[in-house]
Amino acid sequence: MGRLSEAQLKNELKTGELSRVYFLYGEEDFLIKTYADRILDAAVPEETRDMNFIKYASAPRSAELADYLDGMPVFAEYKCALVMDLDFDQLDAAEQKNYLALLKDIPDTSVLIIEQLHIDPSVYNDKKAKEKPKKLIEAADKNGAVCEFKYLSLDRVCAQITKKIERGGCTVSNENAAFLAEECGRSLTVLANEIDKLCAYRQNGEITKEDIDALVPKRADAGIYTLSDALFEGRTHDAFEILDELFIQQFDAHRIFFTLSGYFVDLYRAKLGKLAGKSYLETAQSFGYYGGRSYAIKIAYPKVNKLPARYLGDCLSVLYRTNKLLNSSKMNDRTLVESAVAEISMLKKTDD
């Protein structure tokens, strides 16, 4: 029980001694989905899944979920429920209380998987984050297992790239594997798609840097930083052209949004650090940006000189509201992201 590393979670699944609840979250969607599938495989055999497994695309009513988990498994050791993107902050006070009680009382014959793919992981890790979401992860920690999946180290990502490319009948040098990893932001989800594309193009032989340059879209991060700069400079038309290009390149709306949100959070923290007279390194450490992550604050520092703290705070308010809509509204995801960009562009005009 408690906080588990990826290796510890893997070992627990091998033993077959399963926890009652698994809370999976973090930056790396591919690993979250992979381990949710592995937990399901360990809990419920394929042949009895129709009777012993249910998946919810969003949080069901607590009473409905409790009724399902309280039922006895049929021809299996466990029943299993998978809840995707349980946005605790969206629940009313009574439901929040009921969910916390539910996590304390899952029977030994049931397993609950909470798969947080589109919930910003900072709401659980940031010391200044809201208390309500933290209560959910604390309850899961106390009554089951919590595992955070961060982006893998460059060496591990390169090893994954080399292995997958070799399975596709091609080869790649260590240098070009590292180049591909950085172009895709080290995201295993993005890499899986791009490697399939590269192998289909090359068919056999070595995948070169030229192949990667020609076929792999420029990183979403770079495009989003350029989009943000256009917004800061009042170039709304340019910002929307960049956003359109990202969608043309088939970047997921959620990925675009969370990269954009993360960048604004970095800028706001950098502004607060500057106002407090701190160096970028002191600011980075104050907000838990250690190692390579401190670079995000370093590059934000010169950018915030002309950006008022109030303006950045208002931008974050827009992004916070949009985040709630992305997780609860039936509106098109692209439309919501475009609306957020339009709102932020109007803030700049008002600020001027």
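**View 1. Strands β1 and β6 of the predicted model pair side by side.** Strand β1 (residues 2-3) pairs with β6 in the parallel sense, over 2 bridges. Strands pair here if DSSP finds at least two bridges between them. Helices (H or I, at least four residues) and strands (E, at least two) are DSSP runs, numbered from the N terminus. R3 has V146 as its bridge partner in β6. This is a predicted model: local features need pLDDT of at least 70, side-chain atom pairs count only at pLDDT 80 or more, and totals for chains, interfaces and linings use all residues. Residues are numbered from 1 along each chain as its sequence is written, and side-chain values use heavy atoms, with hydrogens and water left out.

View 2. Strand β6 spans residues 145-149. Of its 5 residues, 4 are buried, so β6 is largely enclosed by the rest of the structure. Buried means under 20% relative accessible area, exposed means over 50%, and partly exposed lies in between (1.4 Å probe, protein chains only). Strand β2 (residues 21-26) runs parallel to β6, with 5 bridges between them. In this pairing, G26 stands opposite F149 of β6.

**View 3. The strands form an open sheet.** The sheet has 6 strands. Their order is β1-β6-β2-β5-β4-β3, and the pairing is parallel. Which strands stand at the edges? They are β1 and β3 (53-56). Each has a single partner strand, so one side of each is left without a neighbour in the sheet.

**View 4. Strand β5 is covered on both faces.** Strand β5 covers residues 110-115. How many of its 6 residues are buried? The count is 6 of the 6, so β5 is largely enclosed by the rest of the structure. In a regular strand the side chains alternate between the two faces of the sheet. In β5, S110, L112 and I114 are buried on one side. V111, I113 and E115 are buried on the other.

**View 5. Strand β5 pairs with β2 and with β4.** Strands β2 and β5 run parallel and are joined by 4 bridges. L24 has E115 of β5 as its bridge partner. Strands β4 and β5 also pair in the parallel sense, over 6 bridges. M84 is bridged to E115 in β5.

View 6. Helix α4 (residues 62-70) lies across β3, β4 (79-84) and β5. Helix α4 runs at about 155° to β4. Axes are lines fitted to C-alpha atoms, for helices over the stretch in contact, and angles run from 0 to 180 degrees between N-to-C directions. Contact means heavy atoms within 4.5 Å.

**View 7. Two loop residues have positive phi.** Most residues other than glycine have a negative phi. F75 has a positive phi, near 55°. F75 lies in the loop between α4 and β4. Is F75 buried or exposed? F75 counts as exposed, at 74% relative accessibility. D85 has a positive phi too, near 55°. D85 is in the loop between β4 and α5 (93-104). At 11% relative accessibility, D85 counts as buried.

**View 8. Helices α8 and α10 cross.** The axes of α8 (residues 154-167) and α10 come within 10 Å and cross at roughly 35°. The crossing is right-handed: in a right-handed crossing the near helix is turned clockwise from the far one by less than a right angle, and in a left-handed one anticlockwise. From α8, the residues in contact are V157, Q160, I161, K164 and I165. From α10, they are L188, L191, A192, I195, D196 and C199. By class, this contact has 8 nonpolar, 1 polar and 2 charged residues. Ala, Val, Leu, Ile, Met, Phe, Trp, Tyr, Cys and Pro count as nonpolar, Asp, Glu, Lys and Arg as charged, and the others, Gly among them, as polar.

**View 9. E194 sits in helix α10.** Helix α10 spans residues 188-202 and holds E194. E194 is buried, with a relative accessible area of 9%. The side chains of E194 and K197 make a polar contact (3.0 Å). A polar contact is a pair of N or O atoms within 3.5 Å; within protein, one must be able to donate a hydrogen and the other to accept it, and residues adjacent in sequence count only if both atoms are side-chain atoms.

**View 10. L243 is buried in helix α13****.** Helix α13 covers residues 236-248. L243 has 0% relative accessibility. Leaving out residues up to four places away in sequence, L243 touches L227, I256, V337, E338 and V341. K163 lies 80 residues from L243 along the chain, and their C-alpha atoms are separated by 33 Å.
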